[in-house]
Amino acid sequence: MARWQHKTRWTLTPSFRQSMISKINQVLAPLFRSLCVTRDKRESHSSSETWCRGFTLIEMIVSLALFSIVITISVGALLVLVGTNEQLQGEQSVMTNISFALDSMAREIRTGTAYYCFRTNNTGGTNNLVNENNNIDTILDDDVSDCESGNNSGQTYHGIAFKEGGDSITADDDRILYYFEKENDEPTGKIFRRIGSQPPQSILYGGVGVINFEFFVTGAEPLEGTGNRFQPTITVLIEAIDLTDPNSKVYRLQTTITQRTFDI
């Protein structure tokens with residue numbers, strides 16, 4: 001069965017074509033006039049004549065060369081701006097993350113008591129603070145320990161444990177533990193926070209790699225009866241890199257905290 005197909009054929013009327021040509025002339029006429037110059041006509045009776053010329057090949061080549069140079073410089077500058085913006089956003093993200101973690105630790109440590117530095121190479125044993133089956137408060141009780149030279153001696157785990165001074169964080173007066181765990185065969189590690197017998201939780205997002213996390217504790221012993229005359233002071237140092245950037249620089253943050261409650 002043959003199909004009937006309807007095809008519409010468009011034609012341009014003479015009046016429409018004349019209208020389009022007139023509009024094109026109106027647009028191009030100023031351009032053509034700009035290429036026209038007036039010169040004296042010495043070989044005829046008229047005083048002058050107007051003649052028009054086009055672009056020469058040399059002028060076209062020079063124009064294209066200048067246009068290419070301008071476009072290349074502009075695109076290069078735009079790419080530099082985009083790359084710089086991405087780099088600054090990455091740096092800001094890393095610094096914001098590290099600063100938030102450091103401020104959170106500082107607030108808890110400042111109101112804490114009974115600071116205890118520790119370091120270990122494994123998670124085994126009933127007195128191991130990083131073992132998830134052990135209760136930190138049961139192991140340490142009221143024990144304290146200074147680490148004036150830092151607690152990073154090449155061990156896999158090192159950190160600080162302390163009692164929170166208020167009821168806002170731990171309802172049962174459990175100890176809070178912050179510690180650094182170096183990943184196997186990797187230059188970076190992670191920072192964990194653990195309360196009592198609860199499982200540890202990472203306090204940094206996965207895009208940040210911690211190179212070093214260290215505590216310097218002095219004056220942990222009570223002032224009364226021990227000969228210690230100094231209020232407990234804790235210095236926290238964090239060194240980290242951006243794992244999403246192969247050429248990331250090292251970001252270093254440090255803060256010093258003094259125990260808020262009077263140590264007696």
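**Surface patch.** I looked up the nonpolar patch on the surface and found that L57, I58, I61, V62, L66, I69 and I73 form it, with about 730 Å² of accessible area together. Patch members have over 30% relative accessible area and no salt bridge, nonpolar side chains (Val, Leu, Ile, Met, Phe, Trp, Tyr) being joined within 5 Å and like charges within 9 Å. Areas come from the Shrake-Rupley method with a 1.4 Å probe, and for residues only the protein chains shown count as cover.

**Basis.** I note that this is a predicted model, in which local features need pLDDT of at least 70 and side-chain atom pairs pLDDT 80 or more, while totals for chains, interfaces and linings use all residues. Residues are numbered from 1 along each chain as its sequence is written, and side-chain values use heavy atoms, without hydrogens and water.

**Disulfide.** I found one disulfide (cysteine sulfur atoms within 2.5 Å). It joins C117 to C147, S to S 2.0 Å. C117 lies in strand β3 and C147 in the loop between α3 and β4, so the pair ties together parts 30 residues apart in sequence. Helices (H or I, at least four residues) and strands (E, at least two) are DSSP runs, numbered from the N terminus. C117 is buried at 7% relative accessibility (buried is under 20%, exposed over 50%, partly exposed in between; 1.4 Å probe, protein chains only).

**Salt bridges.** I counted four salt bridges (side-chain nitrogen of Lys or Arg within 4 Å of a carboxyl oxygen of Asp or Glu). Among them, E91 pairs with K249 at 3.8 Å between the closest N and O atoms. E91 is buried at 19%, whereas K249 is partly exposed at 46%.
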